[in-house]
Amino acid sequence: MLVLGGLVALLAGASDAFLFGRNARASTNTTSVPYKDAFDAVESANLSHSYNVIAQVHLQNFEFKYDSIPGRRQLGLLASPSLKDLLQDGIHVYAERHVFTQDKHKVTIQNFHAVDKDALFMHNVGATQVLIRRAAEVQMALRSLASEVATAQSQLTLLQGHLETEASAVLVEQRKIAEAGVKHVELEIEKAKVQGMEDRLSLDVKKENELAVADKQHALHTERIQYEDIQRRAQNKELVDLQEAANQRMEVQRRNTETILKEKQLAADKERMWVEQNTTLEKAVIDVEGRIKQQRLNHDIEMQQLQTTYESI
């Protein structure tokens, strides 16, 4: 059960005082030791841990049900198991704690978590020291940056003066270079004009020469065409003569071939007629022989019939 941090601290302080007093009454012997000898295992605290603790603890506003002043809201830490994991040396857990209501009714709070405000305060001191150191480091960094900015500003001012001086000299030099460039351009223009005139004259002469050469080539080409035309006509006449002679030879050969074919056709017709005649004769002989055989057979049949008739009489 969560309880008020302030109330827990008061109860814890009262309990410690009670135990101290009881021990004082129980012991009558006193040992005196120097202050520096009262501590062992002294070492510097981990301030980063203290800073993390203070950064993670959660302050809350709350009301304690059994407060002596009803409805009073308080600001503090409510102890819990998660807070105990974070603040291990500042949380004490008691099995029971007793408080009284306004009507003097005794209430027992179980699993009571008590917050050690001294430990929490010391963690706060450590976190504050961390912040102070960081602030000092930031301040030193700011002073260093300010010094660097001032140095850079002075260097920029000095550099600006040098640049202005050099810029004046550069401008004078650039003006001289520009004037020299203008003169050079003017000379180039004049040179280009002269070169243009020379090129124009050269082009005219070249054009005249090319025209003369073209006329000569045209005349030669015309003569060559005429000569080739004469040669072509002669060749064509010769080809025509050869073609006519070839046609005549082909006509004679065709006629000879037709004569030979006709003679062969006549011979074939004669042969066919002779074969057909022989075939007709053979057919006639066969027909006559067949008729003779049939007549003989008919005669034999008639004779048998007559004989049969005769015998029956």
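## Terms and model

Contact here means heavy atoms within 4.5 Å of each other, and helices are DSSP runs (H or I, at least four residues) numbered from the N terminus. This is a predicted model, in which local features need pLDDT of at least 70, side-chain atom pairs count only at pLDDT 80 or more, and totals for chains, interfaces and linings use all residues. Residues are numbered from 1 along each chain as its sequence is written, and side-chain values use heavy atoms, with hydrogens and water left out.

## Helix 2 and its cover

Let's start with helix 2, where Leu47, Ser50 and Val53 are buried (under 20% relative accessible area, with exposed being over 50% and partly exposed in between; 1.4 Å probe, protein chains only). These residues lie on the same side of helix 2 because they cover an arc of only 115° around the axis, taken from the directions from the helix axis to the C-beta atoms. Helix 3 (81-86) and helix 4 (117-312) are among the elements covering them. On the face turned away from the buried side, helix 2 carries exposed Ala55 and Gln56.

## Nonpolar cores

Val53 also belongs to the largest nonpolar core, which has 10 residues, including Leu87 and Leu120. Such a core is a set of buried Ala, Val, Leu, Ile, Met, Phe, Trp, Tyr and Cys residues joined through side-chain atoms within 4.5 Å. Phe64, Val107, Ile109 and Phe112 are among the six residues of a second, separate core.

Leaving aside neighbours within four places in sequence, Leu87 is in contact with Val53, Leu120 and His123.

## Phe39 in its loop

Phe39 sits in the loop between helix 1 (5-26) and helix 2 (47-56). Phe39 counts as partly exposed because its relative accessibility is 45%.

How values were computed. Helix = DSSP H or I, 4+ residues; strand = E, 2+ residues; numbered from the N terminus.
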